[in-house]
Amino acid sequence: MDRPTYERGREIRAAVLGDAYVAKAEAGDDFSKPFQDLVTEYCWGAVWGREGLPRKTRSMLNLAMLAVLNRPNELRTHVKGALTNGVTRDEIREVFMQVAIYAGVPAAVDSFRIARDAFAEYETQQ
């Protein structure tokens with residue numbers, strides 16, 4: 001493990017998803033710990049930690065990809081993270097409108113439902 005990349009990833013992950021989310025992920029069992037370390041180091045540190053795109057743009061890309069991949073739990077998490085990163089509800093709507101055209105209306109329908117729930121969860125956490 002590259003410790004500086006891991007630490008940068010942990011900082012970014014906590015800034016986007018919240019300290020409570022990261023603590024819960026880290027509190028997993030021995031089975032999932034190596035996976036959580038991998039996600040923190042490579043996903044959050046090596047990729048999210050790059051300077052090529054701002055976090056807001058990375059969040060919008062994630063929303064589109066997760067919607068297309070039909071990953072509702074991750075989509076819910078990343079809608080809240082996108083709000084934290086400054087993506088507006090109007091911009092989230094536009095991402096899902098784009099998903100409807102390029103990936104299909106059913107993917108967008110589910111994404112809109114998930115986003116509404118995530119907006120409500122986000123508001124109660126603020």
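Student: Why is aspartate 90 called partly exposed?

Tutor: Good place to start! Aspartate 90 has a relative accessible area of 45%. Buried means under 20%, exposed over 50%, and partly exposed in between (1.4 Å probe, protein chains only), so with 45% aspartate 90 is partly exposed. Before we go on, this is a predicted model, where local features need pLDDT of at least 70, side-chain atom pairs count only at pLDDT 80 or more, and totals for chains, interfaces and linings use all residues. Residues are numbered from 1 along each chain as its sequence is written, and side-chain values use heavy atoms, with hydrogens and water left out.

Student: What makes arginine 93 and aspartate 90 a salt bridge?

Tutor: Their closest N and O atoms are 2.9 Å apart. A salt bridge is a side-chain nitrogen of Lys or Arg within 4 Å of a carboxyl oxygen of Asp or Glu, so this pair qualifies. Both residues sit in helix α6 (residues 89–103), 3 residues apart, about one turn of the helix.

Student: Why can such side chains pair at all?

Tutor: Side chains of opposite charge can pair when their charged atoms come close.

Student: Why is aspartate 37 called buried?

Tutor: Aspartate 37 has a relative accessible area of 16%, and that is under the 20% limit, so it is buried. Its side chain meets that of lysine 33 in a salt bridge (3.0 Å, N to O), while lysine 33, at 41%, counts as partly exposed.

Student: What makes glutamate 121 and arginine 76 a tie between separate parts of the sequence?

Tutor: The side chains of glutamate 121 and arginine 76 meet in a salt bridge (3.6 Å, N to O). Glutamate 121 lies in helix α7 (residues 105–125) and arginine 76 in helix α5 (residues 72–84), so the pair ties together parts that are 45 residues apart in sequence.

Student: How do you know how many helices and strands there are?

Tutor: Helices (H or I, at least four residues) and strands (E, at least two) are DSSP runs, numbered from the N terminus. By that rule the protein has 7 helices and 0 strands.

Student: What does the radius of gyration say about the protein?

Tutor: It is taken over C-alpha atoms, and the globule rule is 2.2 Å times the number of residues to the power 0.38. With 126 residues, a compact globule would come near 14 Å, and the protein has 15 Å, which agrees.
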